[in-house]
Amino acid sequence: MATPAESDADPYADARRRMVAEQLESRGIADPAVLRAMRLVPRERFVLEPYRPYAYDDTPLPIPANQTISQPYIVAYMIAMLRLSAADRVLEIGAGSGYAAAVMSRIAAAVYSVERHAGLVDYARQRLAELGYDNVQVRHGDGTLGWPDHAPYHAIIVAAGGPSVPETLRGQLAPGGRLIMPIGRDRRRQTLVLLTQGEDGRATEEMLVPVAFVPLIGDEGW
Ligand code: SAH
């Protein structure tokens, strides 16, 4: 028989802890702030109800509007590459379910996320509000144009794949800022690219790993 304390306990706590150990730490994610945030945010709340039992599987899952929530490892990897600190302002393009924004909100000061599907804007906002993650704002619009009101950003994460880094986004990056984005000629297959804006305004780009993201649709995307 479960004691009251046990039945009140988070039924996903175990799966979440295992995901962090087996999918993240074992593959080299070591940033303590990222690991802590991934242990904190309930991914099951961001997936569609029928997929909750699979929330901690090592895989992307469908969300509304024919989009996907990334595999936990990819979320953690991209955020770790941004080397976020507690005072950072982050811009996300492609809020989707709101999950990655939720994870970043547990590390950085503020997260601003742009999403082109109105239905997903509501979906993400509702989940973030229910969890009380009040340092995230989600806006409806074309994220390839960024969100000038809160620029410059210390970090920018693009959660959809485009042909190149949108110039507008680069322009909204602070000196010393980092931008991570899947880039490729193919609409469905890309390489993760990390761009670092030098203090002198010159950027360096590093090719990381092959990935498969949904396409970035917009003025400076596909
Ligand atoms: N970070 C999300 C996953 C996003 S999937 C999560 O954690 O769930 C990629 C998202 O990018 C999709 O929701 C898609 O609608 C959105 N997207 C594609 N092009 C966009 C654009 N130009 N501006 C804003 N969002 C865009």
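This is a predicted model: local features need pLDDT of at least 70, side-chain atom pairs count only at pLDDT 80 or more; totals for chains, interfaces and linings use all residues.

Me: What kind of peptide bond joins A151 and P152?

Reply: A cis one, with omega at about 0°.

Me: Which residue other than glycine has a positive phi?

Reply: A65 is one of them, with phi near 65°. A65 is placed in the loop between β1 (61-63) and β2.

Me: What reaches the backbone oxygen of A65?

Reply: The side chain of Q67 does, at 3.1 Å. Q67 itself belongs to strand β2.

Me: And what is Q67 in contact with, leaving aside neighbours within four places in sequence?

Reply: L61, P62, H117, L120 and V214.

Me: Switching to annotations. Which residue does the UniProt "active site" cover?

Reply: S70, according to the UniProt annotation, and the entry is unreviewed.

Me: Where is S70 placed?

Reply: In the loop between β2 (67-69) and α4 (72-81).

Me: What does S70 contact, apart from neighbours within four places in sequence?

Reply: R43, P60, V75 and F213. F213 comes up again in the largest pocket, as one of the lining residues nearest its centre.

Me: OK, pocket then. What volume does the largest pocket have?

Reply: About 680 Å³.

Me: How many residues line the largest pocket, and which lie nearest its centre?

Reply: The lining has 41 residues. Nearest the centre are T68, A159, A160, F213 and V214. V214 is also among the contacts of Q67.

Me: Which elements each supply at least two residues of that lining?

Reply: β2, α4, β3 (89-93), α5 (99-105) and β4 (110-115) each do.

Me: How does the lining of the largest pocket split by class?

Reply: There are 23 nonpolar, 13 polar and five charged residues.

Me: New topic, salt bridges. How many in the count?

Reply: The count comes to 13. One of them pairs the side chains of D14 and R17, at 3.2 Å from N to O.

Me: Where do D14 and R17 lie?

Reply: Both are in helix α2 (residues 13-24). They are three residues apart, which is about one turn of the helix.

Me: What about Y12, where does that lie?

Reply: Y12 is in the loop between α1 (4-8) and α2.

Me: What are the contacts of Y12, leaving aside neighbours within four places in sequence?

Reply: E44, R52, P53 and Y56.

Me: Last one. How many residues apart in sequence are Y12 and G218, and how far in space?

Reply: They are 206 residues apart in sequence. In space the gap is 37 Å, C-alpha to C-alpha.

Key. Residues are numbered from 1 along each chain as its sequence is written. Side-chain values use heavy atoms; hydrogens and water are left out. UniProt positions are given in the numbering used here, feature names are shortened, and annotations may be inferred rather than shown by experiment. Helices (H or I, at least four residues) and strands (E, at least two) are DSSP runs, numbered from the N terminus. Contact means heavy atoms within 4.5 Å. On a 1 Å grid over the protein atoms alone, a cavity is a set of points where a 1.4 Å probe fits but cannot get out, and a pocket is an open set with protein on both sides within 12 Å along at least five of seven lines; lining residues have an atom within 4 Å of a point. Grid points are joined across faces, edges and corners, and a volume is the space filled by probe spheres set on the points. Ala, Val, Leu, Ile, Met, Phe, Trp, Tyr, Cys and Pro count as nonpolar, Asp, Glu, Lys and Arg as charged, and the others, Gly among them, as polar. A polar contact is a pair of N or O atoms within 3.5 Å; within protein, one must be able to donate a hydrogen and the other to accept it, and residues adjacent in sequence count only if both atoms are side-chain atoms. A salt bridge is a side-chain nitrogen of Lys or Arg within 4 Å of a carboxyl oxygen of Asp or Glu.
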